[in-house]
Amino acid sequence: MSQSFLDSKYCKDVEIQGFLANKSYLFPIILSPCEWQRHEWLHSRQFLPGGDETIEEHYTDLGQRKRLFLKIRQQLRERAEQLRQAPPSNAVPAYSGQTKLAFFRQLGNDWRDLATVLGIGDYDWRRFERGEEGRNIWVWLENRRRLAELPPALIDIGRSDLAELLRRAQ
């Protein structure tokens with residue numbers, strides 16, 4: 001974190017909103033003094049290196065800074081390992097390849113409505129390969145462990161036929 005990062009329109013509108021919408025894990029590192037306290041989304045985060053220390057102010061010696069970066073790297077690795085070992089917060093449904101193909105083929109142009117209901121931002125869906133949007137939405141949800149949200153979202157966009165397809169396949 002730095003004041004430039006916090007003030008950046010791109011960081012606020014794309015990066016941070018993406019983290020929050022996707023319920024991604026965020027471990028902020030304070031590079032330089034900044035007004036992080038003014039940002040509600042940062043209040044519950046655990047900062048690195050810790051406390052109110054910043055890399056710029058508190059780690060001016062090159063050797064000291066290198067040790068700090070090693071310590072941060074180790075802490076991030078430990079946190080990632082803890083997250084990998086944690087039991088899933090909600091069970092992820094498993095579907096056969098045949099069910100997935102049926103979903104991809106039948107979704108058609110309703111993928112935009114589905115992306116909207118699921119909170120997939122413009123930044124993400126613009127990267128979807130044309131003609132493969134249904135598959136990309138599926139992968140996007142799987143990567144975020146949000147596949148269980150698919151059937152209710154399908155009902156929300158008026159595609160109860162697809163929600164029923166997924167229900168029958170479980």
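Start by selecting Thr 99 and Ser 96: their side chains are joined by a polar contact of 3.0 Å. Keep in mind throughout that this is a predicted model.

Stay on Thr 99 and show the secondary structure. Thr 99 lies in helix α5, which covers residues 97–107. Is Thr 99 buried or exposed? Its relative accessibility is 10%, so Thr 99 counts as buried, the cut-off for buried being under 20%. Now show what surrounds Thr 99. Apart from neighbours within four places in sequence, Thr 99 is in contact with Leu 165, Leu 166 and Ala 169.

Next, select residues 160–169, which form helix α10, together with α5. What is the angle between α5 and α10? These two helices pack at about 180°, and their axes are 10 Å apart. The pair is therefore roughly antiparallel, a description that applies to angles over 145 degrees.

Colour the residues on both sides of this contact. On α5, pick Thr 99, Ala 102, Phe 103, Gln 106 and Leu 107; on α10, the residues they meet are Asp 161, Leu 162, Leu 165, Leu 166 and Ala 169. Sorted by class, the contact of α5 with α10 has seven nonpolar residues, two polar and one charged.

Move on to the second pair. Select helix α6, residues 111–118, and helix α8, residues 133–143. Their axes come within 10 Å and cross at roughly 20°. That angle makes α6 roughly parallel to α8, since angles under 35 degrees count as such. The crossing of α6 and α8 is left-handed.

Which residues make this contact? From α6, select Trp 111, Leu 114, Ala 115 and Leu 118; from α8, select Glu 133, Ile 137, Trp 140 and Leu 141. By class, the contact of α6 with α8 has seven nonpolar residues, one charged and no polar ones.

Finish at Trp 125, which sits in helix α7, residues 122–125. With a relative accessibility of 18%, Trp 125 counts as buried. Draw a distance between the C-alpha atoms of Trp 125 and Trp 111: the two are 14 residues apart along the chain, and the separation is 9.7 Å. Then show the contacts of Trp 125. Leaving out neighbours within four places in sequence, Trp 125 is in contact with Trp 111, Arg 112 and Ile 120. Trp 111 also belongs to the α6 side of the contact with α8.

How values were computed
Residues are numbered from 1 along each chain as its sequence is written. This is a predicted model: local features need pLDDT of at least 70, side-chain atom pairs count only at pLDDT 80 or more; totals for chains, interfaces and linings use all residues. Side-chain values use heavy atoms; hydrogens and water are left out. Helices (H or I, at least four residues) and strands (E, at least two) are DSSP runs, numbered from the N terminus. Buried means under 20% relative accessible area, exposed over 50%, partly exposed in between (1.4 Å probe, protein chains only). A polar contact is a pair of N or O atoms within 3.5 Å; within protein, one must be able to donate a hydrogen and the other to accept it, and residues adjacent in sequence count only if both atoms are side-chain atoms. Contact means heavy atoms within 4.5 Å. Axes are lines fitted to C-alpha atoms, for helices over the stretch in contact, and angles run from 0 to 180 degrees between N-to-C directions. Angles under 35 degrees count as roughly parallel, over 145 as roughly antiparallel, 65 to 115 as roughly perpendicular and the rest as oblique. A crossing is left-handed if the near helix is turned anticlockwise from the far one by less than a right angle, and right-handed if clockwise. Ala, Val, Leu, Ile, Met, Phe, Trp, Tyr, Cys and Pro count as nonpolar, Asp, Glu, Lys and Arg as charged, and the others, Gly among them, as polar.
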